[in-house]
Amino acid sequence: MESQHESDLSFWDHLDELRSTLFRIVVVIVAFMLLSFFFKDELFSIILAPKNSDFYIYRLFDKVGEMLHISGLDTGSFQVKLINTKLSGQFVMHMTVSLYAGVILASPYIIYQLFRFVSPALYKNERRYSVRVITWGYLLFMLGVLFSYFLIFPFTFRFLALYQVSPEVENTIMLNSYIETLTMLSLMMGITFEIPILAWLFAKLGFLSRSFMEQYRKHAFIIVLIIAAIITPTSDVVTLLLVSLPMALLYEISIWIVGRTAPRGQDVSE
């Protein structure tokens, strides 16, 4: 049996297996990094797309604004210039972004290899739950990253890049500032979309119940609106709702998950 074989392995055997696992992961990351590096134009056309006024989400909002006759949704034409101030700045940024892309592309393989290393130490039911948690956690995180790329970051960037304290002060955005903001917001939204997974885990541990989440639903929605207002500091209500509604939906999904997970009658608010 596999479990018996694993129990017979010594500490150094486990260390060798871990070393082999990490080596395979590094090889795949480097391979995807090199692939991303050589496809520079395609890579940066995706990354720099939100800075252009013809980006998908801007055109979509323009069409919706025309159909609903809401002038606030019209993004209009704008141009933002990115600059580089260091001699090796663009090359270093090319390498950095290629590494990020390599990790993202290799992430399914990374998760598989790490789970393959850990799974022999788990019971069958633990393995089954782990597969579900890892799969859904990964999908939700990537969904959060896409949500940030297509909605959160474009409007945040547009507002901040075009904001002026005076017409005499012109904005020229540094390339590394653009990439850092995109990375930070993507990471934040990826983590935010993990709320259902965390709710399921806390319910499993007995720390959270459906009645508790329903009792504080109004408070949660107020927090969601505040976070949405901070993330997208625009003046129109429609944009605020488009950002806050998915977060509110995540909270409702979490309530449903906790209701199916936590023992009936459990109430942590008591």
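What follows is a conversation about a predicted model and the terms used to describe it.

Modeller: The model is predicted, so local features need pLDDT of at least 70 and side-chain atom pairs count only at pLDDT 80 or more, while totals for chains, interfaces and linings use all residues. Residues are numbered from 1 along each chain as its sequence is written, and side-chain values use heavy atoms, with hydrogens and water left out.

Biologist: How many helices and strands does the protein have?

Modeller: The protein has 11 helices and two strands. These are DSSP runs numbered from the N terminus, where a helix is H or I with at least four residues and a strand is E with at least two. From the N terminus on, the order is α-α-α-α-β-α-α-β-α-α-α-α-α.

Biologist: What share of the residues counts as buried?

Modeller: Of the 270 residues, 33% count as buried. Buried means under 20% relative accessible area, exposed means over 50%, and partly exposed lies in between (1.4 Å probe, protein chains only).

Biologist: Why is Phe 147 called buried?

Modeller: Phe 147 has a relative accessible area of 13%, and the limit is under 20%, so Phe 147 is buried. Phe 193, at 5% relative accessibility, counts as buried too.

Biologist: What makes Phe 147 and Phe 193 a tilted pair?

Modeller: Rings of Phe, Tyr and Trp (its six-membered ring) pair if their centres lie within 6.5 Å; planes under 30 degrees apart count as stacked, over 60 as edge-to-face and the rest as tilted. The structure holds 12 aromatic pairs. In the pair of Phe 147 and Phe 193, the distance is 5.5 Å centre to centre and the angle between the planes is 45°, hence tilted. This pair links distant parts of the chain: Phe 147 is in helix H6 (residues 124–162), and Phe 193 is 46 residues apart from it, in the loop between helix H7 (175–192) and helix H8 (195–204).

Biologist: Why is the pair of Phe 212 and Tyr 216 called tilted?

Modeller: The ring centres of Phe 212 and Tyr 216 are 5.0 Å apart and their planes stand at 50°, so this pair is tilted. Phe 212 is partly exposed at 28% relative accessibility, and Tyr 216 is partly exposed at 35%.

Biologist: Which residues do ring pairs link into a cluster?

Modeller: The cluster joins Phe 55, Tyr 56, Tyr 149 and Phe 150.

Biologist: How do you know that Glu 17 and Arg 24 form a salt bridge?

Modeller: A salt bridge is a side-chain nitrogen of Lys or Arg within 4 Å of a carboxyl oxygen of Asp or Glu. The side chains of Glu 17 and Arg 24 meet at 3.9 Å, N to O, and form a salt bridge. Glu 17 is partly exposed, with a relative accessible area of 33%, and Arg 24 is partly exposed at 27%.

Biologist: What links Arg 116 and Glu 17?

Modeller: Their side chains meet in a salt bridge of 3.8 Å, N to O. The pair links distant parts of the chain, with Arg 116 in helix H5 (residues 89–118) and Glu 17 in helix H2, 99 residues apart. The relative accessible area of Arg 116 is 40%, so Arg 116 is partly exposed.

Biologist: Where do Glu 214 and Arg 210 lie?

Modeller: Both lie in helix H9 (residues 210–215), four residues apart, about one turn of the helix. Salt bridges that share partners join Glu 17, Arg 24 and Arg 116 into one network. The structure holds five salt bridges.

Biologist: Why does Leu 34 count as partly exposed?

Modeller: Leu 34 has 44% relative accessibility, so it counts as partly exposed. Leu 34 is found in helix H2 (residues 11–38).

Biologist: Where is Met 184 found?

Modeller: Met 184 is found in helix H7. Its relative accessible area is 43%, so Met 184 is partly exposed. The C-alpha atoms of Met 184 and Phe 153 are separated by 9.7 Å, and the two residues are 31 residues apart along the chain.
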